[in-house]
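Visitor: Could you walk me through this one? I'd like to hear about the sheet and then the helices.

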Amino acid sequence: MQSARLVIALQKKGRLSDDSISLLQRCGLKLLSSKSSLFYSAQNLPIDLLLVRDDDIPALIRDKVCDLGIIGENVLHEQENPSEEFVFEKVKKLGFGKCRLSIAVPKEVDFSDVTSLIDRKIATSYPNILQKFLKENKIEARVVTISGSVEIAPRLKMSDAICDLVSTGRTLEENNLKEVQVVLESQAVMIKSRGALSFEKNKTLEILLRRMEGVMQAQESKYILFHAPKSAIPEIRKLLPGSESPTIISLAECDDKVAVHVVSREAVFWDTLEKLREAGASAILVLPVEKMML
Ligand code: ATP
Ligand code: ZN
């Protein structure tokens, strides 16, 4: 009989590793690592984690070694074979590992639009995504595939442009390149194969997804408490960002003032607090929300 434990592949060492593990831990997984630390077993839910290179994750899912995986959308799109049915399903976007796959050219090069790439050589580690983009834009260009340090290709005269992952743009800056065209926006996603999971695994996945939703909502949310004159409440409610109905509690020995408690689903900025104060709020506290279940 097949194991009823849900197996999730994560990046072992890299930009997605810490956030992936931390998300699962915040979902309540108590993890016990094996000696090799390639394998973690959750003590309190039927979930096992396999730590591998991110590029290997789609194949491990396709070969049914794992049920789910966490990877960047860039890796998923690169490996998806357009000639076969889509094998993978994005189960959830996870909000970390945000970056974009962009075309960049040396700063001194004039670039008006994508037609500037016609007959140019573009170096990339993402040939499939780039070829698709060029085809969609009817651009004939040469794609040179290199596996790493793509940003030095123009300086080595290997290419006229590059197509690489960018987040802050610092690497481009350091290499005298400018970003001219976004090809793909990417973030970490949880993927699974399109086939159905067993009943038990599916139940575990549902629990995990519900918890992930709670963790992600809580991350954004804040619990705001303050005192305010009763008469100021209508004005104050208009100022509260993305919040539900507030709880209004009367204060001991104070008839005209109330305490207001409210969960805000958005970040709370200093200028909001200043406006609340101007509208009559005092003793304002903004607290992080640890968990949330709707
Ligand atoms: P591995 O050894 O697992 O193959 P890697 O070198 O391919 O690692 P990393 O550099 O750790 O991978 O990046 C993993 C993922 O992080 C990328 O595929 C991408 O989705 C995301 N990412 C976010 N920001 C960036 C960035 N600035 N540069 C590269 N990747 C980024
Ligand atoms: Zn990789």
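Guide: We'll start with the sheet and move on to the helices. This is a predicted model, in which local features need pLDDT of at least 70, side-chain atom pairs count only at pLDDT 80 or more, and totals for chains, interfaces and linings use all residues. Residues are numbered from 1 along each chain as its sequence is written, chains are lettered from A and ligands numbered from 1 in the order in which they are written, and side-chain values use heavy atoms, without hydrogens and water.

Visitor: Great. In what order do the strands of the open sheet come?

Guide: The order is β2-β3-β4-β1-β5-β12-β6, seven strands with mixed pairing. Strands (E, at least two residues) and helices (H or I, at least four) are DSSP runs numbered from the N terminus, and pairing takes at least two DSSP bridges.

Visitor: Why is one side of β2 and of β6 left without a neighbour in the sheet?

Guide: β2 (31-33) and β6 (88-93) are at the edges with a single partner strand each, so one side of each has no neighbour in the sheet. From one strand to the next, the twist averages 30°.

Visitor: And how does β6 pair with β12?

Guide: Antiparallel, over five bridges, with β12 covering residues 188-193. Lys90 stands opposite Ile191 in β12.

Visitor: Switching to helices: which strands does α1 touch?

Guide: Helix α1 (residues 17-26) packs on the sheet and touches β1 (6-11), β2, β3 (39-42), β4 (47-52) and β5 (68-72); contact means heavy atoms within 4.5 Å. The direction of α1 makes about 145° with that of β1. Axes are lines fitted to C-alpha atoms, for helices over the stretch in contact, and angles run from 0 to 180 degrees between N-to-C directions.

Visitor: What about α6, which strands does that helix lie across?

Guide: Helix α6 (residues 199-220) lies across β1, β4, β5, β6 and β12, and runs at about 35° to β6.
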